[in-house]
Amino acid sequence: MEKFTVHTGTAVPLRRSNVDTDQIIPAVYLKRVTRTGFEDGLFSAWREDPSFVLNNPVYDGASVLLAGPEFGTGSSREHAVWALNDYGFRVVISPRYGDIFRGNSLKQGLLTVELPQAAVETLWDLVEADPATAIEVDLVAREVRAGGQSWAFDLDDFLRWRLMEGLDDIGLTLRHEEAITAFEGHRPAFGVLVG
Amino acid sequence: MSRTLAQKVWDAHVVRRADGEPDLLYIDLHLLHEVTSPQAFDGLRLAGRKVRRTDLTIATEDHNTPTDNLLTIADPVSRTQIETLRGNCAEFGVKLHPLGDPQQGVVHVMGPQQGLTQPGMTIVCGDSHTSTHGAFGALAFGIGTSEVEHVLATQTLPQALPKQMAVTVTGELPPGVSAKDLILALITQEGTGGGRGYVVEYRGPAIEKLSMEGRMTVSNMSIEWGAKAGLIAPDETTFAWLKGRNFAPKGSDWDDAVAYWRTLPTDADAVFDKEVFLDASALTPFVTWGTNPGQGASLDAVIPDPESFASESERAAARRAVEYMDLTPGTPLRDLAVDVVFVGSCTNGRLEDLRTAADVLRGRKVADGVRMLVVPGSAAVRAQAEEEGLHEVFTEAGAEWRFAGCSMCLGMNPDTLKPGQRSASTSNRNFEGRQGKGGRTHLVSPAVAAATAVTGHLSAPADLYAVGAR
Ligand code: SF4
């Protein structure tokens with residue numbers, strides 16, 4: 001997992017609420033055997049509509065998704081986070097998230113920032129007026145900055161530390177690799193070896 | 001301090017313990033199959049990690065494989081999953097038993113038969129029936145795909161110690177009543193959520209008398225009443241079963257191992273968080289009538305009236321089940337005619353199960369209009385059964401003798417029920433559509449399965465002798 005401190009990028013305004021994980025990625029994409037390449041599944045039903053915001057070339061290359069409230073509700077599929085990551089998003093900003101989705105996202109390095117509805121509305125307006133608007137997401141200071149304004153956000157200390165260190169669960173465990181190696185030195189001789 | 005079997009195994013595997021954090025547990029054996037491993041391997045690849053202990057990791061192909069041949073996987077999605085596993089195992093250096101290999105088979109049959117499963121071990125697999133391995137006094141439980149990746153990379157898992165429950169089975173199983181009847185009766189008694197949050201230990205005289213196969217059947221279904229794991233203390237039966245198997249310790253290692261294994265059983269004064277009792281001598285052949293493994297009854301009973309249940313949620317579940325299963329309350333279970341009989345799965349696909357079924361079928365015929373599939377749990381079980389001539393008993397009776405795999409336990413391979421078909425199945429889940437869309441499953445023991453195949457309706461072997469006498 002990449003370390004996350006400060007991210008600056010352009011944003012896509014997704015003016016919709018209650019975007020559940022079935023919309024983020026439909027079930028047909030779950031039959032796959034890979035963990036990457038889910039970008040084509042991201043919002044795939046909506047992307048068939050040429051007027052859908054992600055199809056607007058002015059937002060090409062955006063890495064921040066500005067979403068309405070209740071983003072990521074519904075099914076627990078980890079694929080929803082994989083799809084957003086694979087598409088190139090590093091941050092989602094929304095007033096409220098589905099719990100499981102938020103948990104999954106923070107475990108996998110996708111920063112889901114919670115800002116009040118009014119802040120999201122301001123950001124939508126800024127980005128729609130000028131798609132090149134840079135959004136600065138500062139995890140160290142727990143602050144979002146854009147267009148000369150700034151908004152503070154909350155994030156649990158432990159989760160913040162983990163994201164800043166770029167540690168997934170495996171990364172966290174590997175910090176104790178010495179202990180694992182020491183334990184392996186004491187396993188009984190009759191412990192199985194598949195060989 | 002006095003400890004339970006599960007606590008002893010747990011304590012022996014703690015790599016790191018810190019306040020406010022789950023313990024980091026070392027994993028002795030990691031079993032893999034094609035369905036839950038692809039994204040885990042992909043995760044490793046993405047992060048540039050390798051498999052930490054390929055010598056403690058082993059894979060097999062089971063869920064998607066056909067059982068009518070060893071060469072062609074017709075469904076492209078199934079084939080891709082299998083080919084992905086083969087590619088991943090080759091790339092990461094993991095040993096694999098592919099279709100056609102003499103040790104290939106259902107993951108929970110493959111491990112024990114090679115002696116890979118041993119007392120006191122921690123064993124995980126991306127599969128809920130990993131509880132099977134608890135029969136050897138191992139702490140064995142199912143994990144999700146992210147955890148599979150975690151174990152591949154670190155050979156450990158962060159885990160919090162669950163609560164402990166003892167299930168004491170007193171008395172002696174009557175003749176013709178098996179481990180499957182015992183566990184089905186227990187699940188009906190305790191409900192499908194009765195074990196949630198617990199590691200369970202099965203003990204008492206009726207458990208001690210069970211063969212290893214019978215113990216595996218009991219531990220296997222721990223997950224069906226919600227338990228995280230289901231252990232049985234290792235004893236002489238365990239040691240005798242293990243001795244001489246491929247991966248069992250040899251020479252002085254064997255003696256050291258047995259000496260250690262003898263220290264594992266629960267201390268006499270250890271305290272469990274919960275205790276449950278069951279009287280084996282009161283049990284009869286037991287089957288399920290509904291759509292979860294807790295909706296079961298003695299074969300002597302009738303389809304219950306959904307309104308007879310105590311709580312509204314049970315009544316609602318029973319109403320739905322009776323409708324899905326197309327049943328009329330008050331009908332004797334013995335009157336239910338079946339279309340298909342399935343003997344197999346990680347619950348009842350071992351040699352002893354096939355022997356039991358063959359004993360009932362010997363010299364008899366599968367009833368007209370009934371299809372019977374006999375699917376060994378592994379290629380090795382199949383070979384042993386053929387050495388004993390069991391396959392001839394099955395084919396002469398008119399049953400299909402198949403290659404090893406999960407087969408009709410779940411609708412992921414070509415062996416499925418057609419909509420509306422009713423089966424008597426030795427597997428572990430009677431969920432709606434589990435054996436194929438619209439299929440209706442009655443869980444039974446191998447003996448009941450075989451007797452049912454002969455009469456065409458749910459029956460116990462004793463019913464056949466009654467028929468013969470007429
Ligand atoms: S036999 Fe059935 S329960 Fe066992 S591993 Fe296969 S699908 Fe799962």
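The model is predicted, so local features need pLDDT of at least 70, side-chain atom pairs count only at pLDDT 80 or more, and totals for chains, interfaces and linings use all residues. Residues are numbered from 1 along each chain as written, chains are lettered from A and ligands numbered from 1 in written order, and side-chain values use heavy atoms, without hydrogens or water.

**Overall build of chain B**

- Chain B holds 17 helices and 19 strands. Both are DSSP runs numbered from the N terminus: helices are H or I with at least four residues, strands are E with at least two.
- Chain B is as compact as a globular protein of 470 residues, because its radius of gyration is 22 Å, close to the 23 Å from the globule rule. That radius is taken over C-alpha atoms, and the rule is 2.2 Å times the number of residues to the power 0.38.
- The C-alpha trace spans about 65 × 55 × 45 Å along its principal axes.
- Of the 470 residues in chain B, 62% are buried. Buried means under 20% relative accessible area, exposed over 50%, and partly exposed in between (1.4 Å probe, protein chains only).
- Take the contacts in chain B with a separation of 6 or more: 75% of them join residues 24 or more positions apart. A contact means heavy atoms within 4.5 Å.

**Where chain B meets chain A**

- Chain B gives 46 residues to the contact, and chain A gives 30 residues.
- The two chains bury about 3,100 Å² between them, with 61% of it on carbon and sulfur atoms. Buried area is the accessible area (1.4 Å probe) that two parts lose on being put together, summed over both.
- On the chain B side, Gln39(B), Arg49(B) and Arg52(B) lose the most area to chain A, together 19% of what that side buries.

**Helix H13 of chain B**

- H13 covers residues 351–361. Its buried residues are Leu351(B), Asp353(B), Leu354(B), Ala357(B), Ala358(B), Val360(B) and Leu361(B).
- Gly363(B) follows H13(B) and has a positive phi, near 75°.

**Met325(B)**

- Met325(B) sits in the loop between helix H11 (312–324) and strand E15 (340–343).
- Met325(B) is buried, with a relative accessible area of 0%.
- Leaving out residues up to four places away in sequence, Met325(B) touches Trp289(B), Gly290(B), Thr291(B), Arg422(B), Arg440(B), Thr441(B) and His442(B).
- Arg422(B) is 97 residues from Met325(B) in sequence, yet their C-alpha atoms are 8.2 Å apart.
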